[in-house]
Amino acid sequence: MRNPNINSFRNLSLCILLCCHTNSANAIDDSIRISTLKDAALYLKTVSNLDSSIFWPNVRPRYFLENLNMYVQNPLYAFESKNTNFCGYTALSFVTLDKDPLGFVKMMMQLYKEGKAQMGSVYLQPSASVRKMAGKLKYKGVLDINPATQMWFLSLADHFKGYLNVFNKRYDEGDENTMWAATNFAKFNRMLRHLFTWKVKARGADLVRPPITDLFSYLDEKMKTSNTVFLYLNNRLLYKKKYVVTRIGVPTHYVVLLHISKENDRINIAYMDGGRKTFQQISPELLNTIVYGVTYCTNK
Amino acid sequence: MQLKFYNILVVLIAACTFISCSTAMKFPTRYYNEHKGILDSIRYNYESAYDKKPFHIQFKDKRFRYISFEMLSDTFRYIYNFDLEAHDFADTLYKYNYNTPQIISLIADMSSIRCIWISHLDYYENRQKKNLVFISMRHNQLESFFKGEKYYALAFFNERQFFDKQGRLTDKSERKRMREINGQVFHKITDRICYAITGNFR
C-alpha cells in the first residue's frame, strides 16, 4: 500500500475535472448520439395524462412518469440499485440513456402501455411474474422509488439468458438477488450486440483473465479508439467486504470505464458504478488482478 | 449404572448446548451495552462530520494502520488509501475542507473498538428518503477457522422501528415482512438500534 501525496491528488483532481466537463460517460463518442436529454424532456412534456397499465399492475402512472423525468433530469441516479444482481443491466443502461434518451423513453412508454416493446433487434415481452413484481421491489436503495427502472431491469433479466441462469429461468419473488438475474460475460456482450447497432468486440472470459501483457496501454488505446469501454471486474478486490487471505478470483461486476491514466507507478481510473462516478488510484498489479473482461464498442 | 451414565451425559450435552446458544444470543446486546458510550460517540461524531461533508471510512488491515477514505458528493465518489502513520491523511482532510480533528478523533475511537467500517445508508419508506448510520466491527468471538470470520454490524436509525415477536426488524407498512439492510435481517437492541452478525462488513 502506498500513500497518495498532495501532488497526486492535484493530478487526480485534474483528470476528474476533465471527466466532469465531458459527457456522463467520457468514453462515449458524440458521433453515435441519436438524440439528447433535451429532446427526451420535450417529449415528456407532451405526455400529460397516462392511464394505469393492465400489464404492470403495481406501477402507478404518476410514479412511472416521475421516473421517466428522472432519466432526463438526473440520469446518474436513474439506474442505481443496491443488493441486486443488476449491475450488468445498470452499466449498459447508462450508455442507453447517453446515446438515445428520446428513443429509450419512448420505448419505456410503449413497454408500459402495451406490455411489450422493441429495442435494437430485441423484442421485449416480459413474463407475467415479472410484470406483477415491477413496482414492488424493496430495500434496493433508490430503485425502490423507480418503478420504470424496475420494469426495465426485470424485463432485460427475463429476456436475456446465459449459462448462469440455466437452473433458474423463471422469476420468483426475490430472484433479483439470485442467479436468475446474473450476467455472464458472453450474455453481457450479446445484450450489447442486440440492443445497440454497434460493432461490439470483447476480450476475456468468466474465469480466466485476458492474456494482455500491458493492460493499462491496452485500455488507454481502446478509450481513444472506441465509443464505449466496459470492464468486467472482480469487484470484491476493489471493494473489500470481508477480510480473507485467500479468495477464488471470480468477476462479479460490470462498470463503464470513463478515464484511465498513469502517474508514476499508480493508475488513476474513473468509472461509472451504480449511481456515482467513482475515481480511484490503484496499482497496476491490482488492475491486472481485477479485470476479467474488456468490451469495447465501435460504430458499424 | 450404564443408564445413569447416559443420563448424565445427555444432561451435560444439553447444558453445554444451552450455554453456548445463550452466549451467542446474548453477545450482541451485551457488547452494545458494554461499549454504549463509545459506540454512541462514534455515531454522533460521524453524523456531525458527515453532515458537513459526506464520507465513508474503512480500515483495510488487522493492525488498523491503513484506511480507505471515500469522499462523496451527489454524483462522485473518490476513494483514497492512507497510511495513518504518515502525515498525508491529515493534510488531505485539511485540503479538502473536512473537519480534520473530528475525523482523526473518530478514527481513533473506531480503532479502539475494532470498528472497521462506517457509512451512511439511504433507504426509502413510503417514497420518503431516510437514512441510518451503519457500522461494522470485528470481534474474537466471531472468528472461526472453519466458518470464516463474521462481523458485528449495527444500524442506528433516527426513528422508532418495528419488530416481530422474535425481535427481528420488520417493514413498517408490511409488518409480517422482514426489513433487510444490505441484504441482512437485523435484530432489536433498542427500538432505534439493531444488530446483525453478518458475513460482509459493508
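Reader: What average pLDDT does chain B have?

Author: In this predicted model, chain B averages a pLDDT of 88, and 88% of its residues score at least 70. The predictor also gives the complex an ipTM of 0.83 and a pTM of 0.87.

Reader: Where in chain B does pLDDT stay under 50, and how many contacts beyond four places in sequence does the model have there?

Author: The stretch is residues 18–23 of chain B, and the model has zero contacts beyond four places in sequence for these residues.

Reader: What is the make-up of the two chains in helices and strands?

Author: Chain A has twelve helices and eight strands, whereas chain B has four helices and twelve strands. Buried residues make up 43% of the 300 residues in chain A, while 26% of the 202 residues of chain B count as buried. Among contacts in chain A between residues at least 6 apart in sequence, 71% join residues at least 24 apart; in chain B, residues 24 or more positions apart account for 46% of the contacts with a separation of 6 or more.

Reader: How many residues of chain A are in contact with chain B, and which elements contribute two or more of them?

Author: There are 23 residues of chain A in contact with 28 residues of chain B, a contact here being a pair of C-beta atoms within 7 Å. On the side of chain A that touches chain B, the elements giving two or more residues are α1 (6–20) and β7 (276–282) of chain A, and the largest share, six residues, comes from β7(A). By residue type, that side of chain A divides into ten nonpolar, eight polar and five charged residues.

Reader: What makes β7(A) and β3(B) count as paired strands?

Author: The requirement is at least two bridges between the strands, and four bridges join β7(A) to strand β3 (residues 76–83) of chain B. The two strands therefore meet the criterion, and they run parallel. One of the positions can be named, in that K277(A) has F76(B) as its bridge partner in β3(B).

Reader: Which residues touch the most other members of the largest nonpolar core?

Author: Of its 116 residues, those that touch the most other members are L192(A), L231(A), V255(A), V256(A), L257(A) and Y271(A). Leaving aside neighbours within four places in sequence, L192(A) is in contact with L92(A), W198(A), V200(A), T295(A) and C297(A).

Reader: Why is strand β12 of chain B described as largely enclosed by the rest of the structure?

Author: Five of the six residues of β12(B) (residues 193–198) are buried, so the strand is largely enclosed by the rest of the structure. Strand β6 (residues 151–157) of chain B pairs with β12(B) in the antiparallel sense over six bridges, and there A155(B) stands opposite C194(B). Strand β11 (residues 187–188) of chain B is also joined to β12(B), by two bridges in the antiparallel sense, with K188(B) standing opposite C194(B). β11(B) and β12(B) form a hairpin with four residues between them.

Reader: What makes the phi of R127(B) and N182(B) worth noting, and are these residues buried or exposed?

Author: R127(B) has a phi near 65°, a positive value in a residue other than glycine, and N182(B) has a positive phi of about 50° although it is not a glycine either. R127(B) sits in the loop between β4 (115–125) and β5 (128–137) of chain B, and N182(B) in the loop between β9 (180–181) and β10 (184–185) of chain B.

Methods
Residues are numbered from 1 along each chain as its sequence is written. Chains are lettered from A and ligands numbered from 1 in the order in which they are written. This is a predicted model: local features need pLDDT of at least 70, side-chain atom pairs count only at pLDDT 80 or more; totals for chains, interfaces and linings use all residues. Ala, Val, Leu, Ile, Met, Phe, Trp, Tyr, Cys and Pro count as nonpolar, Asp, Glu, Lys and Arg as charged, and the others, Gly among them, as polar. A nonpolar core is a set of buried Ala, Val, Leu, Ile, Met, Phe, Trp, Tyr and Cys residues joined through C-beta atoms within 7 Å. A residue is buried if 20 or more other C-beta atoms lie within 10 Å of its own, exposed if 12 or fewer, and partly exposed in between; C-beta atoms are placed from the backbone. pLDDT is the predictor's confidence in each residue, from 0 to 100.
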